[in-house]
Amino acid sequence: MLRYLPFLLVLALWIYAFIDCLNTPEEEVKGLPKVVWIIIILLFGEVLIGPVAWLAAGKVRGVGPGGRWTAPDDNPAFLASLGEPAKDEALLKDWEADLRRREEELKRRERGEEA
């Protein structure tokens, strides 16, 4: 079973790179046209050159402001969202009230009372 592991890993990387390339918008593809990247991934997938090239150089990767990755605790938008009240609070209260009503109805039925 272990002898199949390298083949499965190569196949998984091949499939991931292919699907990632297909789902990437044309304006986010770097260097070559998207069709050429797909051909490179498919032709050179068995030797990992195509998928690794796509993952390393084929796609514009998102970065935070200032050209660097931003952790959530450094992101002002994320920090501002922590102070906001929960938007679904009213919905949660309605669900809780409905649940209480149903529990009371079940208790009444168990006692033999009709609603």
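T24 is buried, with a relative accessible area of 1%; buried means under 20% relative accessible area, exposed means over 50%, and partly exposed lies in between (1.4 Å probe, protein chains only). The model is predicted, so local features need pLDDT of at least 70 and side-chain atom pairs count only at pLDDT 80 or more, while totals for chains, interfaces and linings use all residues. Residues are numbered from 1 along each chain as its sequence is written, and side-chain values use heavy atoms, with hydrogens and water left out.

**The loop between α1 and α2**

- T24 lies in the loop that runs between α1 and α2; helices here are DSSP runs (H or I, at least four residues), strands are runs of E (at least two), and both are numbered from the N terminus.
- Not counting residues up to four places away in sequence, T24 touches V29, K34, W54 and K59, where contact means heavy atoms within 4.5 Å.
- V29 is also placed in the loop between α1 and α2, and V29 is buried, its relative accessible area being 13%.
- Leaving aside neighbours within four places in sequence, V29 is in contact with T24, K34, W37, W54 and G58.
- The C-alpha atoms of V29 and G58 are 5.8 Å apart in space, although the two residues are 29 residues apart in sequence.

**Helices α2 and α3**

- The axes of helix α2 (residues 34-43) and helix α3 (residues 49-58) come within 7 Å and cross at roughly 145°; axes are lines fitted to C-alpha atoms, for helices over the stretch in contact, and angles run from 0 to 180 degrees between N-to-C directions.
- W37, I40 and I41 of α2 make this contact with G50, P51, A53, W54, A57 and G58 of α3.
- By class, the contact of α2 with α3 has seven nonpolar residues, two polar and no charged ones; Ala, Val, Leu, Ile, Met, Phe, Trp, Tyr, Cys and Pro count as nonpolar, Asp, Glu, Lys and Arg as charged, and the others, Gly among them, as polar.
- L48 is placed in the loop between α2 and α3 and is partly exposed, with a relative accessible area of 29%.
- Phi of L48 is near 70°, a positive value in a residue other than glycine. Most residues other than glycine have a negative phi.

**The aromatic pair**

- The structure holds one aromatic pair; rings of Phe, Tyr and Trp (its six-membered ring) pair if their centres lie within 6.5 Å, and planes under 30 degrees apart count as stacked, over 60 as edge-to-face and the rest as tilted.
- The ring centres of W37 and W54 are 5.6 Å apart and the ring planes stand at 70°, so the pair is edge-to-face.
- Because W37 lies in helix α2 and W54 in helix α3, the pair ties together parts that are 17 residues apart in sequence.
- W37 counts as buried at 7% relative accessibility, and W54 is buried with a relative accessible area of 0%.

**The nonpolar core and W14**

- The largest nonpolar core has eight residues, namely W14, A17, C21, V29, W37, I38, I41 and W54; such a core is a set of buried Ala, Val, Leu, Ile, Met, Phe, Trp, Tyr and Cys residues joined through side-chain atoms within 4.5 Å.
- Two or more residues of this core come from each of α1 (5-23) and α2.
- W14 lies in helix α1 and touches I41, L42, G45, E46 and P51, not counting residues up to four places away in sequence.
- W14 and F44 are 30 residues apart along the chain, and their C-alpha atoms are separated by 9.2 Å.

**The whole chain**

- The protein has five helices and zero strands, in the pattern α-α-α-α-α along the sequence.
- Of its 115 residues, 14% count as buried.
- Among contacts between residues at least 6 apart in sequence, 49% join residues at least 24 apart.
- The protein exposes about 9,400 Å², with carbon and sulfur atoms supplying 64% of it; accessible areas come from the Shrake-Rupley method with a 1.4 Å probe, and for residues only the protein chains shown count as cover.
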